[in-house]
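Welcome! Below is a protein model to explore, and the text after it is a guided walk for someone meeting it for the first time.

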Amino acid sequence: MSITVTLPDGKPLELADGATGADAAAAIGAGLARAALAVQVSSGIGDGSAGADGQATPGELRDLARPLPDGASIAIVTNKSGDAALSLIRHDAAHVLATAVLQLYPGVKISIGPSIENGFYYDFEFPDGVSISEADFAAIEEHMRAHIKSAEPFERVDIPVAEARERFVAEAQDYKVELIDDLVAAADANHPLDTVSLYTNGPFTDLCRGPHAPSTASVGAFKLQSVAGAYWRGDSTRTMLTRIYGTAFFSKQDLEDYLERLEQALARDHRKIGRELGLFFFSELSPGSPFWTPAGMVIWNGLTELWRAENRKRGYREVSTPILYDAELWKQSGHWEKYRDNMYFTEVEERPMGLKPMNCPAHIQIYKEQRRSYRELPIRYSEAGLVHRHEPSGVLHGLLRVRHITQDDAHIFCTEEQVQDEVVQCLRFGFSIYALFGFQVRLELSTRPDQRIGSDELWDRAEGALEGALRAEGLQFDINAGDGAFYGPKIDLHMTDSIGRSWQLGTVQLDYSMPERFDLKYTGADNAEHRPVMIHRALLGSFERFIGILIEHYAGELPLWLAPVQAIVLTVSDRVRAYAESVLAELTARGIRAELDDRDESIGRKVREAELKKIPFMLVVGGREADEQTVSVREHGAQRAAQDGSGSGQASDGAQTLSLDAFQALLEAAGGRIPVG
RNA sequence: GCCGACGUAGCUCAGCUGGUAGAGCACUUCACUCGUAAUGAAGGGGUCCGGGGUUCGAGUCCCCGCGUCGGCUCCA
C-alpha cells in the first residue's frame, strides 16, 4: 500500500501508507527534513481526527507527525515560509510562556494563547493576591529559554472529550473546561465532537487545535513585551484575566530589527512630536481636551481652510450652531435614551441641559426653520462642529481619542431618489481629500446594531442604499455587521497609522429615523408632503484626530502648506541683524510663514535647532548675503554640509544662494500654498 | 469603566534597604561676532501629582483620589 501526494512543483511523491509530513520532508531531502516545521495540506481526504471537519480545508497547516491523506497537495513549511511559519512558532512560544508561568506560579489558571499579528499572548488568571508586572518578565523569560533550549517535542494526542474534560476538572483548569463544554455545545449531528486534541511539551499540556512545530527549539528568539488586563472571552461582564504579550522570531537579528522598528514608530508618536514642536498639549485640568498653541493652530487653520473651500466647491453651505441644548432635544433625538452615558449634562436655572455629542439635531433645527420644497433638495449643511463626548477615561489617547471633538461635519437632506448619488459624491469627496495626503483607505459597511431606533423596513432600505452606492462605484468593502449608528447604517473610511493601528477617519451614515423623530418634511412636485432622508457625513473625522494622524503619517514633517513655520532666517553674526530683519519682513509681506533666529549663537547651533524643529527651509544670512541681497537656502533634511569656504554661488553643500523672488518661487513650487483647486 | 504600571525642575530622567532633592538639555546673564546639526562660563528654577496614614523623620512605606501610559471593553 502506498499513497501519492503532489509537491508544490507539481511532481507526485509516492510514500508508504500512513506516511507523515516528516516522512515526506525526509523523502525530499535531509536538509528539508531538518528545517521542516509543519506541512501545508491543500486538499484531499481528511484523516478523521477531531478538529478537522472531514475535509482538509485549502491550505491547512498540520503537524509533521500526522499521517498525510492520499492525493493531497502538500508543501513543507520551514522558517523560510513567511507569515504562516512565524505565526506557527509564535503559537509555540505562547505554549512555552504558559509552561514557564505554570511552573513559577502554581495555581495559575490558563485560558487561551494564540499567535497574533506581530506576536502572541497568553491569558492567565493568577491566584488571589498575585499580580505580575514587567519586572517579573526576566524570571519568566529565563524559564522559557530553558524549555526552548531543551527542545521539548510538541506531542499531540487526540482523546475522548469526556476524558479531556475530566483531566482539566481534576487540574481545576476552569477555563479549559468551559472551552470544552462550548465545543460540545457547538457540535451537532453532522459534525459530532468525539475527541479533542491536546498538545504536550515538557511538563505542560494544553487543550489546543494545533498545529505546532516539532519542538520548542523552533522558537529562535523571543521577548515578552507587556502585561495587560483582558476580559475572559472579551466580555466585560466576565473575569478580567492577565494577558502577557510577547513576540517571537526565527532569529535574534529579526527580533532586534523588529524592536528597532517599534522604537522608530514610537519616535513618530504624535504626542511626542506635538510636545517637541510645541503644537498642542494636554492638562490635567481638562482631560481629553487638547490645548492648541499658535504653532498648532497654523495646522488647524490650514486644514480648516482646505475643508471650507472643498465643501463650498461641492455645494455645501456652512452653518454654526450652539453646543448647549435643552435636554428635551436629546430626548426627541433618541440620544437621551441610547447615548446618555456618553453625554455631559448640566442645569441652567433649574432647566436640564446637555452638551451636544453630535451636530445632527442642531442642523435639523435649521432645516425646520422654514418650509422646504423638493426644488431645494438636496440641502447640504457643513459645520466645523464642536461636540463633547464623555469617552471613558481608559480610552483617551492623545489627539486620537478625545472628549472635545471638532468634527468636519455635514448633513445632507435629500429625497430618497437622491440618496445613492449623494452617498457616491461623499465617498468621492473623501477619496479626493485623502489623496492629498497619500492615505490608503479601507471601507467598512456597518449594519444595524442591537441598540437602535427605527423599523426593520427602514433599516432594510438604508442598508440597501449604502450597499448600492458602494457597488455602483465598484468599491471593495468589508461588512461590519451590527456596528451601525443607532439611527442608521454607515460606511466608515479607515486608515492605518505608522504603528499598525487602524483609525476611523470619515463616515457616511444614512438616516431615515431622525427625519421621522423630528417630523421633517418637504413639499413634493405633487404638492404633497414628503419625508426627506438625512445623510450624516464627516471625512476628516475630527480635526483633532486628523491632525494626530497627519503628524504620525509624516513623522512631524508636515506638507509645506501646513508647516507652522515654513522658513527661518538664521544670522551668522549680529552684524547682519538689520538685513535679517528686513528679510523676515519681506517674507512675511509675501505671505510666507517665517521666523528669525538672531540670537548670539553659532550658526551651527541655529541650524541644528531648526533641523530638530523640522522647519522646511533655513535661510542663512551673513555678510555675503547682506551685500548681495540674497539668502543661503538650506532645506530641512539636507546632508550635513561640509565646510567649503569657496565663497562662490554655492555657499556649501546642500545650500544654494537665492534672491527672495527665487526663494518664493522655490517655496511655491514645493507646495507652500493650500492645495485647493 | 476594567486590569497593570507610572507620576521628581519647562523637557528627558537619576535618587540604593526611609535621614531633609540631583544631572543633561532648556531658561537668564556675561564673554565670544562666529558660514550650514550643540562656543564657553556663571546663575535662577522643585507644593517630589493631590489628600490622609505609619514613623523621631516620608520623594521613598501603606490607603484613597486625580492624571498619564500599555492593553481589554467601548467608540453611538
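## The chain as a whole

Please keep in mind that this is a predicted model. Chain A has 677 residues, and 48% of them count as buried. Along the principal axes, its C-alpha atoms fill a box of roughly 90 × 85 × 60 Å. Within chain A there are 20 helices and 33 strands. Looking at contacts in chain A with a separation of 6 or more, 70% come from residues 24 or more positions apart.

## Two pairs of helices

Let us begin with helix 3 (residues 83–104) and helix 4 (residues 137–149), whose axes come within 9 Å and cross at roughly 120°. That angle makes helix 3 oblique to helix 4. The crossing of these two helices, helix 3 and helix 4, is right-handed. On the helix 3 side, the residues that meet helix 4 are Ala93, Val96, Leu97, Thr99, Ala100, Val101, Gln103 and Leu104. Their counterparts in helix 4 are Ala139, Ile140, His143, Met144, His147 and Ile148. Sorted by class, this contact of helix 3 with helix 4 has 10 nonpolar, 4 polar and no charged residues.

A second pair is formed by helix 5 (residues 161–170) and helix 6 (residues 174–186), which pack at an angle of about 160° with their axes 9 Å apart. Helix 5 is therefore roughly antiparallel to helix 6. Here the crossing of helix 5 and helix 6 is left-handed. Helix 5 brings Val161, Ala164, Arg165, Phe168 and Val169 to the contact, and helix 6 brings Lys176, Val177, Ile180, Asp181 and Val184. By class, the contact of helix 5 with helix 6 has 7 nonpolar, no polar and 3 charged residues.

## A covered helix

How many residues of helix 16 (residues 543–553) are buried? The count is 10 of its 11 residues, so helix 16 is mostly covered, where buried means under 20% relative accessible area. Its buried residues are Phe543, Glu544, Arg545, Phe546, Ile547, Gly548, Ile549, Leu550, Ile551 and Glu552. After helix 16 comes Ala555, with a positive phi near 50°.

## Salt bridges

Side chains of opposite charge can pair when their charged atoms come close. In this model the count comes to 47 salt bridges.

| Glu60 | Arg62 | 3.4 Å |

Are Glu60 and Arg62 buried or exposed? Both residues, Glu60 and Arg62, are buried.

Glu529 is partly exposed, with a relative accessible area of 44%. Arg371 is exposed, at 63% relative accessible area. Shared partners join Arg371, Asp519, Lys521, Glu529 and Arg531 into one network of salt bridges.

## Backbone details

Most residues other than glycine have a negative phi, and most peptide bonds are trans.

Where are the cis peptide bonds described here? One joins Gly210 and Pro211, with omega about -5°. Pro211 lies in the loop between strand 11 (204–207) and strand 12 (221–231). Another cis peptide bond joins Leu377 and Pro378, with omega about 0°.

Positive phi values are found at Ala151 and Glu350, neither of them a glycine. Phi of Ala151 is about 45°, and Ala151 lies in the loop between helix 4 and strand 9 (155–160). Ala151 counts as partly exposed, at 32% relative accessibility. For Glu350, phi is near 70°, and Glu350 is found in the loop between strand 18 (345–348) and strand 19 (351–355). Glu350 is exposed, with a relative accessible area of 73%.

Key:
Residues numbered from 1 in each chain as written. Chains lettered and ligands numbered in written order. Predicted model: local features only at pLDDT ≥ 70, side-chain atom pairs only at ≥ 80, totals over all residues. Heavy atoms only, no water. Axes fitted to C-alpha atoms, helices over the stretch in contact; angles between N-to-C directions. Helix = DSSP H or I, 4+ residues; strand = E, 2+ residues; numbered from the N terminus. Parallel < 35°, antiparallel > 145°, perpendicular 65-115°, else oblique. Left-handed = near helix turned anticlockwise from the far one by under 90°. Contact = heavy atoms within 4.5 Å. Nonpolar A, V, L, I, M, F, W, Y, C, P; charged D, E, K, R; others polar. Salt bridge = Lys/Arg side-chain N within 4 Å of Asp/Glu carboxyl O. Buried < 20%, exposed > 50% of the residue type's maximum accessible area, 1.4 Å probe, protein only.
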